[in-house]
Amino acid sequence: MRYSMLAFALFISSTVVAHVGAAAAGVDEHEGHKMHQGSTSITANKTTLNWHVMPANIEPHKPTTITFHLFDGAQKPISEKDLKEVHTKKLHLMVIDPSLSDYHHVHPVPTKNAGEYEVTFTPARAGSYQLWLDAEPQNGQAQILQSSIGVAAKTLAPNAALLPSLQSTVGDYTMKLGLIKPMLVDDGNFVVTRLFHKDGKIADNVLLPLMGAYAHGACFSANGMERLHVHPASKDPVSEKHRGSASQPLLITPTQEGMYKLFVQVNIEGKEHIFPFVLKAEKYKP
Ligand SMILES: [Cu+2]
C-alpha cells in the first residue's frame with residue numbers, strides 16, 4: 001500500500017474526534033477551530049451542541065470548579081444520556097494555560113440541574129485557561145467546544161518562547177519522539193513515541209490501557225487556534241490486562257503554521273504520566 005493511502009486510512013481511524021466536528025459543520029477547518037470568549041458552537045448535521053461556561057476565579061494551587069451548561073440548538077439541556085461514550089467517558093475537557101505549560105485532562109460530571117456539569121482542577125498558574133470540550137451527541141457527530149475562564153490573556157504563548165523538544169522525562173521514564181520528516185501543515189505526520197526506563201532500556205510492556213487507549217495526545221497550537229486530540233494509530237487495548245508497546249504511532253495533522261505543544265498522556269503500571277513536547281509545523285515548500 002502506498003504511504004499516502006495508509007496515512008489516510010489511519011487518519012480516519014485515529015483523529016476522528018478531533019476533526020469530525022469541523023468537517024461536519026461544513027466550515028473551513030481554520031475557522032472551525034477559532035478561539036472565542038464565552039461560548040462557542042460548532043454545527044453538526046443533527047444535534048448541535050452549545051455551551052455556556054460560568055465565570056471562575058483562577059488562583060494558583062487552589063482547586064477551581066469549572067461549571068458549564070450544555071444545550072442544543074433549540075436551547076434544550078443536554079443530559080448525560082444524550083451523549084455517547086467516547087474513550088470510556090461522556091465528556092473530555094482539556095484545560096490549558098496561555099503559556100501551554102499547565103495541561104489538565106478532566107472529565108466533567110452532571111450536577112442535579114439539567115444540562116449542568118462540573119469538574120474541578122487545580123491550576124498551577126494565575127490568569128486564564130483555555131477550555132476544549134470533546135462531546136458527541138447520540139443524535140449527531142463528535143464536536144469540539146471552546147471557551148476560556150479567568151482573566152482573558154492578552155497573549156498566548158509566543159512562538160519564540162517554544163523551542164522544539166522531542167524528549168521528555170517524567171519520574172523514572174523518558175519518552176522520545178521520532179519523526180521521519182519535518183511536521184507539515186495540512187498533512188498527516190507520523191510521530192512515534194518511544195518510552196525508556198531511566199536505566200536507558202526500552203520500556204516495553206509497561207503501558208496499561210488508559211481511557212481505552214495506550215496513549216492520549218493533546219496538541220495545542222501556540223496561536224491558540226487549534227487543539228488536536230490524537231490516539232495511537234495502532235490497535236487499542238483489547239482488555240484491561242493488556243500492555244502496550246513502548247512505540248506508539250500518533251498521526252498528527254496540524255492546520256496552523258508554527259509551534260505546537262504536545263502532551264502525551266499514558267498509564268505506566270497504574271500511574272498516570274503526562275510527557276510534554278514541542279513540535280514545529282511547517283508549510284510545505286516545493
Ligand atoms: Cu484521548
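**Exercise 1.** In which sense do strand S13 (residues 189-197) and S17 pair, and over how many bridges?

*Solution.* The model is predicted: local features need pLDDT of at least 70, side-chain atom pairs count only at pLDDT 80 or more, and totals for chains, interfaces and linings use all residues. Residues are numbered from 1 along each chain as its sequence is written.

Step 1. Strands are DSSP runs of E with at least two residues, numbered from the N terminus; two of them pair if DSSP finds at least two bridges between them.
Step 2. S13 and S17 are antiparallel, with six bridges.

**Exercise 2.** Describe the pairings of S7.

*Solution.* 
Step 1. S7 (residues 116-121) pairs with S3 (residues 64-71) in the antiparallel sense over six bridges; in S7, glutamate 116 is the bridge partner of histidine 69.
Step 2. S6 (residues 109-110) also runs antiparallel to S7, through two bridges, and valine 109 has glutamate 118 as its bridge partner in S7.
Step 3. S6 and S7 form a hairpin with five residues between them, and glycine 115 in the turn has a positive phi of about 75°.

**Exercise 3.** Which residues does leucine 131 touch?

*Solution.* Contact requires C-beta atoms, placed from the backbone, within 7 Å. Not counting residues up to four places away in sequence, leucine 131 touches Val53, Ile66, Leu93, Val95, Gln146, Ser147, Ser148 and Ile149.

Notes. Helices (H or I, at least four residues) and strands (E, at least two) are DSSP runs, numbered from the N terminus. Two residues are in contact if their C-beta atoms, placed from the backbone, lie within 7 Å.
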